[in-house]
Amino acid sequence: MGCSLKHERNLFKKGVLCVAGIDEAGRGPLAGPVVAAAVILPVKFRHRRLDDSKKLSAQVREEIYLELTASLEIHWHAAVVSVEEIDRMNILRASHHAMRLAVQGLRATPQHVLIDGLPVQPFPIPQTALVDGDAISFSIAAASVIAKVTRDRIMLEMHALYPDYDFASHKGYSTPDHLARLHKHGPCPIHRRSFEPVAQRIFNFAVQDEQNEPAS
């Protein structure tokens with residue numbers, strides 16, 4: 001079916017004209033924050049290349065990100081939830097928390113939100129959850145691109161702080177190379193302690209944290 005404003009238009013016809021799409025990036029990695037974005041598109045929005053961020057190359061994502069964030073007609077906000085918060089509340093709750101923060105950060109309060117995946121409870125605004133929503137809703141796809149690019153940029157910054165882990169390449173996901181580096185060096189401060197294999201008992205977290213702290 002492809003991305004469109006079909007689901008948004010169904011709401012427009014009911015008089016719900018301010019609709020936000022929400023998506024997150026970074027639920028699965030072993031390191032780094034989780035990021036959620038909320039986006040309100042204009043009612044006549046069109047885009048030839050916008051799609052689920054996972055289907056787009058890094059270069060195309062960057063180009064679309066710049067287009068979306070530069071437009072004065074598009075309201076958007078990205079929220080970042082830290083590794084410490086992920087470990088404290090678990091990744092699902094942290095992802096939902098990021099989504100709520102993303103909506104709260106919007107300049108305009110939406111009347112309804114379209115959320116990628118399953119419903120988020122509790123949520124302060126009426127919602128419609130769409131499985132694979134980032135592939136069928138322009139609003140959610142826009143949120144997926146903004147969340148993904150925001151997180152990737154953070155992980156590039158983390159690569160500069162902790163070059164031993166090559167975060168620029170894998171962005172914290174559990175690739176064979178990342179696992180090998182984790183096994184060799186132990187976890188650094190942005191690894192999620194509540195995730196396997198970071199939580200393995202063979203690692204001495206206190207010692208590793210001290211060794212891996214970035215120079216001031």
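**Figure 1. Glu67 and its contacts in the predicted model.** In this predicted model, Glu67 touches His47 and Arg49 once its neighbours within four places in sequence are left aside. Glu67 belongs to helix H2, and with a relative accessible area of 38% this residue is partly exposed, because its value lies between the limits of 20% for buried and 50% for exposed residues.

**Figure 2. The crossing of helices H2 and H5.** The axes of helix H2, which covers residues 58-70, and helix H5, which covers residues 138-161, come within 9 Å and cross at roughly 115 degrees. That angle makes H2 roughly perpendicular to H5, and the crossing of the two helices is left-handed. On the H2 side, the residues that meet H5 are Arg61, Glu62, Ile64, Tyr65, Leu66, Leu68 and Thr69. Their counterparts in H5 are Ala142, Val145, Ile146, Lys148, Val149, Thr150, Asp152 and Arg153. Sorted by class, this contact of H2 with H5 is made up of eight nonpolar, two polar and five charged residues.

Figure 3. The peptide bond from Gln121 to Pro122 is cis, with omega near -5 degrees, and Pro122 sits in the loop that runs between strand E4 (112-116) and strand E5 (127-130). The peptide bond from Glu196 to Pro197 is likewise cis, with omega near 5 degrees, and Pro197 is found in the loop between H7 and helix H8 (205-212). As background to this view, most peptide bonds are trans.

Figure 4. Most residues other than glycine have a negative phi. Asp166, although not a glycine, has a positive phi of about 55 degrees, and this residue is placed in the loop between H5 and helix H6 (167-170). Lys171, again a residue other than glycine, has a positive phi near 60 degrees and is located in the loop between H6 and H7. With a relative accessible area of 15%, Lys171 is buried, because residues under 20% are counted as such.

Figure 5. Ala180 is part of helix H7, which spans residues 176-185, and is partly exposed, with a relative accessible area of 44%. From Ala180 to Trp76 the separation is 104 residues in sequence and 37 Å in space, C-alpha to C-alpha. Gly186 lies in the loop between H7 and H8, where this glycine is buried, with a relative accessible area of 2%. Gly186 and Gln200 stand 14 residues apart in sequence, and their C-alpha atoms are 9.9 Å apart in space.

**Figure 6. Confidence along the chain and in residues 203-216.** The protein chain has an average pLDDT of 92, and 92% of the residues score at least 70. Over residues 203-216, by contrast, pLDDT stays under 50, although the model has 27 contacts for this stretch beyond four places in sequence. Where pLDDT is low, the predicted coordinates should not be read in detail.

Notes: Residues numbered from 1 in each chain as written. Predicted model: local features only at pLDDT ≥ 70, side-chain atom pairs only at ≥ 80, totals over all residues. Heavy atoms only, no water. Helix = DSSP H or I, 4+ residues; strand = E, 2+ residues; numbered from the N terminus. Buried < 20%, exposed > 50% of the residue type's maximum accessible area, 1.4 Å probe, protein only. pLDDT = per-residue confidence, 0-100. Contact = heavy atoms within 4.5 Å. Axes fitted to C-alpha atoms, helices over the stretch in contact; angles between N-to-C directions. Parallel < 35°, antiparallel > 145°, perpendicular 65-115°, else oblique. Left-handed = near helix turned anticlockwise from the far one by under 90°. Nonpolar A, V, L, I, M, F, W, Y, C, P; charged D, E, K, R; others polar.
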